[in-house]
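Welcome, and do keep the viewer open as you read.

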Amino acid sequence: MKRWIVLMAGLVLAFSAAAADSVRFGSSLVVLGDTQAHVLKVAGKPAIQSDVQNRFGAVVAHRLDYDEGNKTISIYVGQDGRVTKITETYN
């Protein structure tokens, strides 16, 4: 029984940050390749907007964080202004 509990706890931690190809905001959808303008139109103003830098300090993307209930949705927008990555982290 203890093994089962430990296994389940490990799986929950392993999947606490999941990558996705799309995310829904109400009845609208944001998918990889959408523009930042589309994201802002669908999802509104992010709770936090930050730059993503490479190891040399150059900005390579922007991260838009949205708080949705018990999770944080992070949408990464590349230098071309298009969504390159979507992650959901459960709090």
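In which sense do strand S2 and S3 pair, and over how many bridges? Strand S2 (residues 22–25) and S3 run antiparallel, with four bridges joining them.

## About the model

What you see is a predicted model, in which local features need pLDDT of at least 70 and side-chain atom pairs count only at pLDDT 80 or more, while totals for chains, interfaces and linings use all residues. Residues are numbered from 1 along each chain as its sequence is written, and side-chain values use heavy atoms, with hydrogens and water left out.

## Overall picture

The protein has two helices and seven strands, in the order α-β-β-β-α-β-β-β-β from the N terminus. Helices (H or I, at least four residues) and strands (E, at least two) are DSSP runs, numbered from the N terminus.

Of the 91 residues in the protein, 26% are buried; buried means under 20% relative accessible area, exposed over 50%, and partly exposed in between (1.4 Å probe, protein chains only). Among contacts (heavy atoms within 4.5 Å) with a separation of 6 or more, 33% are between residues 24 or more positions apart.

Two strands pair if DSSP finds at least two bridges between them. Ser 22 has Val 31 in S3 as its bridge partner.

## Around Ser 74 and Asp 65

Ser 74 sits in strand S6 (residues 71–78) and is buried, with a relative accessible area of 7%. Leaving out residues up to four places away in sequence, Ser 74 touches Arg 63, Leu 64, Asp 65, Lys 85, Ile 86 and Thr 87. Its side chain makes a polar contact of 2.6 Å with that of Asp 65. A polar contact is a pair of N or O atoms within 3.5 Å; within protein, one must be able to donate a hydrogen and the other to accept it, and residues adjacent in sequence count only if both atoms are side-chain atoms.

Asp 65 also forms a salt bridge with Arg 63, their closest N and O atoms being 3.0 Å apart. A salt bridge puts a side-chain nitrogen of Lys or Arg within 4 Å of a carboxyl oxygen of Asp or Glu. Asp 65 is buried at 7% relative accessibility, whereas Arg 63 is partly exposed at 27%.

## The other charged side chains

The structure holds two salt bridges. One of them joins Glu 88 and Lys 71 (3.3 Å, N to O). Glu 88 lies in strand S7 (residues 83–90) and Lys 71 in strand S6, so the pair ties together parts 17 residues apart in sequence. Both Glu 88 and Lys 71 are buried.

Asp 34, in the loop between strand S3 (28–31) and helix H2 (36–43), is buried yet has no salt bridge. The nearest side chain of opposite charge, Arg 82, is 6.0 Å away; here Lys and Arg count as positive and Asp and Glu as negative, while His and the chain ends are not counted. The side chain of Asp 34 does make a polar contact with that of His 38 (3.5 Å).
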